[in-house]
Amino acid sequence: MKFIIVAALFSVALAAKLDEPIAIVSSNIEMKEDGSYSFDFESADGTKVSESGSQKQVGPKPEDIGTVSKGSYSYTSPDGVVITVNWVADEKGFQATGDHLPTPPPMPEHVVKMLADLKAAGVL
C-alpha cells in the first residue's frame, strides 16, 4: 500500500513539473503610428518567433488598405530536429516555406510550353 501511495505522489509531482510554464528569455515589441509593427521573442526551450508588418494598398482603390506581414518561427521537434518556418502574408495570400514542408514536383515540359502558348495567344 505504501508503494502505491509513493508511486501516486511521484506521478503527481512529475505531472506538475511537466505543466510548468516556459520562461520567456527575450521579448521586443515595436508599434509605430503609421501602423507598422514588429515583435520577436525567444523562450527558454529555444522556441523563437519573429514578425513584422506594415500597411499597404492591396487593391485598385485608395481605401483598399491591408496589413502585409512577414515572419518566422522555429522550435525543436520531439525527435530533436529544429523546425523553422518562414512566411509572408500579403495580397497574394499566406505563403510558408520550410525544409520540412512538402514541395510540388516540377511542372512537365509540355505543360510549361502549353501555358506559354496560351499566354502568347492572349488566352491567359
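Here is a walk through the predicted model shown above, from its overall layout to a few individual residues.

Residues are numbered from 1 along each chain as its sequence is written, and side-chain values use heavy atoms, with hydrogens and water left out. Because this is a predicted model, local features need pLDDT of at least 70 and side-chain atom pairs count only at pLDDT 80 or more, while totals for chains, interfaces and linings use all residues.

Let us begin with the layout. The protein chain has two helices and six strands, where helices (H or I, at least four residues) and strands (E, at least two) are DSSP runs numbered from the N terminus. Read from the N terminus, the order of these elements is α-β-β-β-β-β-β-α.

How confident is the predictor? Its confidence in each residue is the pLDDT, given from 0 to 100. The protein chain averages 85, and 85% of the residues score at least 70. Where pLDDT is low, the predicted coordinates should not be read in detail.

Next comes the surface. Accessible areas come from the Shrake-Rupley method with a 1.4 Å probe, and for residues only the protein chains shown count as cover. The protein chain has an accessible surface of about 10000 Å², with 63% of it belonging to carbon and sulfur atoms. Of its 124 residues, 11% count as buried. Here buried means under 20% relative accessible area, exposed means over 50%, and partly exposed lies in between (1.4 Å probe, protein chains only). Among contacts between residues at least 6 apart in sequence, 9% join residues at least 24 apart.

Tyr37 is found in strand 2 and counts as buried because its relative accessibility is 18%. Leaving aside neighbours within four places in sequence, Tyr37 is in contact with Glu30, Met31, Glu51, Ser52, Gly53, Thr67 and Ser69. One of these, Gly53, is 16 residues from Tyr37 in sequence, yet the two lie 5.4 Å apart in space, C-alpha to C-alpha. The side chain of Tyr37 also makes a polar contact of 2.5 Å with the side chain of Glu51 and another, of 2.8 Å, with that of Ser69. A polar contact is a pair of N or O atoms within 3.5 Å; within protein, one must be able to donate a hydrogen and the other to accept it, and residues adjacent in sequence count only if both atoms are side-chain atoms.

Ser74 sits in strand 4 (residues 65–76). With 11% relative accessibility, Ser74 counts as buried. Not counting residues up to four places away in sequence, Ser74 touches Gly46, Thr47, Lys48, Val82, Ile83 and Thr84.

Now for the charged pairs. Side chains of opposite charge can pair when their charged atoms come close. A salt bridge is a side-chain nitrogen of Lys or Arg within 4 Å of a carboxyl oxygen of Asp or Glu, and by this rule the count comes to three. In one of them, Lys32 pairs with Glu30, with the closest N and O atoms 3.7 Å apart. Lys32 is partly exposed at 48% relative accessible area, and Glu30 is partly exposed at 40%.

Glu91 and Lys56 form a salt bridge of 3.0 Å, N to O. This pair links distant parts of the chain, 35 residues apart: Glu91 is in the loop between strand 5 (82–90) and strand 6, and Lys56 is in strand 3 (residues 48–57).

Asp117 and Lys113 form a salt bridge of 2.9 Å, N to O. Both belong to helix 2, and because they are four residues apart there, about one helical turn separates them. Asp117 is partly exposed at 41% relative accessibility, whereas Lys113 counts as exposed at 53%.

We finish with a nonpolar patch. Met107, Val112, Met114, Leu115, Leu118, Val123 and Leu124 make a nonpolar surface patch of about 640 Å². Patches are made of residues with over 30% relative accessible area and no salt bridge: like charges are joined within 9 Å, nonpolar side chains (Val, Leu, Ile, Met, Phe, Trp, Tyr) within 5 Å. Met107 has its place in the loop between strand 6 (93–97) and helix 2 (109–120).

Key. Contact means heavy atoms within 4.5 Å. pLDDT is the predictor's confidence in each residue, from 0 to 100.
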